[in-house]
Amino acid sequence: MFRLRTLCAFSWREFHFRSFSCEPLIIQMNKCTDQEQIFDLIERNKETLSEKQVECAFNNLWQLQKQKTSLLKNVEYVGDHPQFFTLHNLTTNKIKLMNDDTLVNVLYITQQFDVKAHDPLIQALVTEAWKRMESRFDIKVLSTFSTCLADQRLYLSPLMGKIADIVNRNLETIQDLRSLCVLMVNISSLISQHFQEQLVNKTELLFDNMSSPEVDIAKRIVQFLQNVKYRYYPLLERCNKVFLDNMNHLDLDSISKIFDEYQFLQFYSFEFVIVAKKRLTEMIPLFDNPASFVKLFVALGPVAGPEEKKQIASVLHKHLDNYKPVELLKITQALIFLHFQSKALFVKLRELLLSYLKVSVIPSEISILVYAISMLPSPHLDETSVSRIEAVLPQCNLYGLNDFATSVLRWIQYDHMHMSSITGKQLKLLQKLDHYSHQRLQQSNNLDLLWEEVKSLKEDWFRESLVEETIAALHRLMDGMNCMNVSKIASFISRTNYLSTLLLDKIASVVIEQIEKIHPFSILAIILPFSILNYDPPQRNEFLGTCMQCLNSHLGTLDPVMLVFLGFSLATLEYFPENLLKTIFNIKFLARLDSQLEILPSSLRSRVQFRLMELNRAVRLECPEFQIPWFHERFCQQHYNKDTGSMNGAQLQIYKMLAEVLGGINCVKASVLSPYYHTVDFECILDKRKKPLPYGSHNITLGKPPGMYWESNTRIVGSSLPPGAERIAFEFLDSKAFCRNVPHIKGKSAMKKRHLEILGYHVIQIPHFEWNSMALSQKDARLDYLREHIFGAGKS
């Protein structure tokens, strides 16, 4: 009994002694301002360190590490320190004593100090966490543990799958958005589409309940949307607002990553570009190290002004040797985009890319290197490069195969221009690319996965080799079309120039049935194929009306450029919603548009300006009751006061034959501008007896700027003619005016015909497939063809 009392007393004293001594040591650690001070404390107390003191040591080492700049961080030094090894061994012996938070926190910090996944300590910590997580981990601890697994690249592991299952079963009770966002990013490779939608809905709910959402939360939400390839506009808009409100807290890495994510998700924010440009420009003097500078160059280059471009380009040459293949590709793309001129820089860039290519064995890296080389002024590839490409083709998806094909086509074009020859190895390589691509399409069995592979296919090779097979695959899988992917499929069809009424009717029916789940940002992509291909689905009015109902409440917030393109697309379909037009043709809207145009690349800026002019013209001609003024007179005069170039061979043939049919060169006019500035290939005037009227001195010289010879540029044509006379417009329609697979005229050409007829013209369209047909292979047959269209059957 005495011994028992003595033992208990000793235990009580020992317990109190540890508590008493523990507190000062933790306080001492918290006061440390240098890692060596912490290591000294570990050395002097290694025999008595408790699990809480071990955690405190790790925490303070990591906090001190985070305070260092990127150039001063010494992770390797800490990891190799003898007392870090002591701490490592002490931790192994105290794992069972740690609470959940301490366990996972120590695991996280240990990994930050580059302790490898195969280290016994890491394995022991992960194993213990696995045992506990189902019944004991709260959401915060679970999110940190998932990050530890993600740092080990265990995205597809059974353990990460278990975490996904726990989140799924407890989603309704989760209220911590920060922890949920971390989990969403880490489990994104394992979730179903249904679970994805549940996560997005939960995130949206928690986001709206936060008084001031944090930047880190917004960054993770956008990263999650990129990971699952889901362009969910409501969350993107919310996150974008957080970024705009906190731009001063975003560093270079964050801005660069957001730009990449927005580009991937095809989400464009004019406001973000403006504010980010200002922030990035301020950073130029701060970054001279290679790793940071390439991010700055790539992010700022496309939106920079002349002075900024000059600043950032001047630093590149001395850093090239330090960059990896992906960075070199980004640099090459940025240089080409900026029209940068430096032979020495491009020569050095080519040498670096080829040196990487000779030793690379990774398909994605080889594709990157070949693609970058193909963009350079001299894209020629040697035998070694060709062998590298051929070896990896069976492992490539359509995207990779397409990049290789684009590169080879650029190589062929260069050789043809500079050597006037195409080698057998080039053609053999293209044949192999074609074979593997068709095989890939024929084996596709999921619509979403198919779209992921074909969405970025480059035009030339795709149009010539794969469009038929791709459309066949879409037909086979179109029952998988829904509100989540309908805009993606529509956007893809717009690029194909291929009229599939089956697919377009399916798109229209999905939109009508599921419009409540479709975001207004998606409407332009949905409308576009119908506009381009000039197709009205059976339920046209219901389809277009449903699209506009989705848009009406968002007209004041949608991107100005998007609204201009949308207005033009609807006008092509002869659909003129008054609310949309009043929004666009408004002084405040046009001022916003002008501000946005200032930062757009010149080619896109020009496209937007032309679309606005064409929409203005369409509304003036087809909806005069809206009383929208024509305000593009000066713009058109400046544009059309340029040399229009010479005619092509078919146009020159038609011109000469029209002169013969009409009775002389003075009875036909070439390259004419109509009122409201439609260009007309040829024009003639017939009196009321169908006799051609000569133009006299009004005719123009071929290749000179087109002329407008009536008094007012907006006058109806017939008003300036003799009584009973009519003005005839001839339009030669080449292959671009028709759908690829059927002789169906496309939207812009159909709109032009409508406008010319409103202006008083009788329009004669001459399709290329008729003019170049066997039936019209002889001159006499072509003359008869023109006479019949001008004067009617049997006339001369």
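**A colleague's note on the predicted model**

1. Let me start with Q266, which counts as partly exposed because its relative accessibility is 47%. The cut-offs here are under 20% relative accessible area for buried, over 50% for exposed, and partly exposed in between, with a 1.4 Å probe and protein chains only. Q266 sits in the loop between α14 (252-265) and α15 (270-283), and has a positive phi of about 55 degrees although it is not a glycine. Helices (H or I, at least four residues) and strands (E, at least two) are DSSP runs, numbered from the N terminus.

2. A word on the ground rules. This is a predicted model, in which local features need pLDDT of at least 70 and side-chain atom pairs count only at pLDDT 80 or more, while totals for chains, interfaces and linings use all residues. Residues are numbered from 1 along each chain as its sequence is written, and side-chain values use heavy atoms, with hydrogens and water left out.

3. R153 is another non-glycine residue with a positive phi, here of about 60 degrees. Its place is the loop between α8 (139-151) and α9 (158-170). With a relative accessible area of 62%, R153 is exposed.

4. Now to the interior. A nonpolar core is a set of buried Ala, Val, Leu, Ile, Met, Phe, Trp, Tyr and Cys residues joined through side-chain atoms within 4.5 Å. The largest one holds 220 residues, and F145 and V167 have the most contacts inside it. Helix α30 (residues 560-572) gives this core its largest share, nine residues. Another core lies apart from it, with 27 residues that include A650, C684, I728 and I766.

5. What does F145 touch, beyond residues up to four places away in sequence? The partners are V104, L107, V126, A129, W130, M133, F137, L159 and I163; contact means heavy atoms within 4.5 Å.

6. Helix α30 deserves a look of its own: 13 of its 13 residues are buried. At 1.5 Å a residue, its 13 residues should span 18 Å, and the end C-alpha atoms are 19 Å apart, which agrees; the expected span is 1.5 Å times one less than the number of residues. D559 caps the N-terminal end, with a side-chain oxygen 3.3 Å from the backbone nitrogen of V561. After the helix comes E574, whose phi is positive, near 60 degrees.

7. Strands β1 (residues 669-673) and β2 (residues 679-686) pair in the antiparallel sense over four bridges; pairing requires that DSSP finds at least two bridges. A670 stands opposite F682 in β2. The two strands form a hairpin with five residues between them, and Y676 in the turn has a positive phi of about 65 degrees. Four of the five residues of β1 are buried.

8. Also in the loop between β1 and β2 is S674, which counts as buried because its relative accessibility is 0%. The C-alpha atoms of S674 and L756 are separated by 7.7 Å, although these residues are 82 residues apart along the chain.

9. How many disulfides does a search of the whole structure find? It finds zero, taking a disulfide as a pair of cysteine sulfur atoms within 2.5 Å. For C684, the closest cysteine sulfur is in C667, 8.5 Å away and therefore too far for a bond. C684 is buried, at 0% relative accessibility.

Note on methods: Polar contact = N/O pair within 3.5 Å; in protein donor to acceptor, adjacent residues only side chain to side chain.
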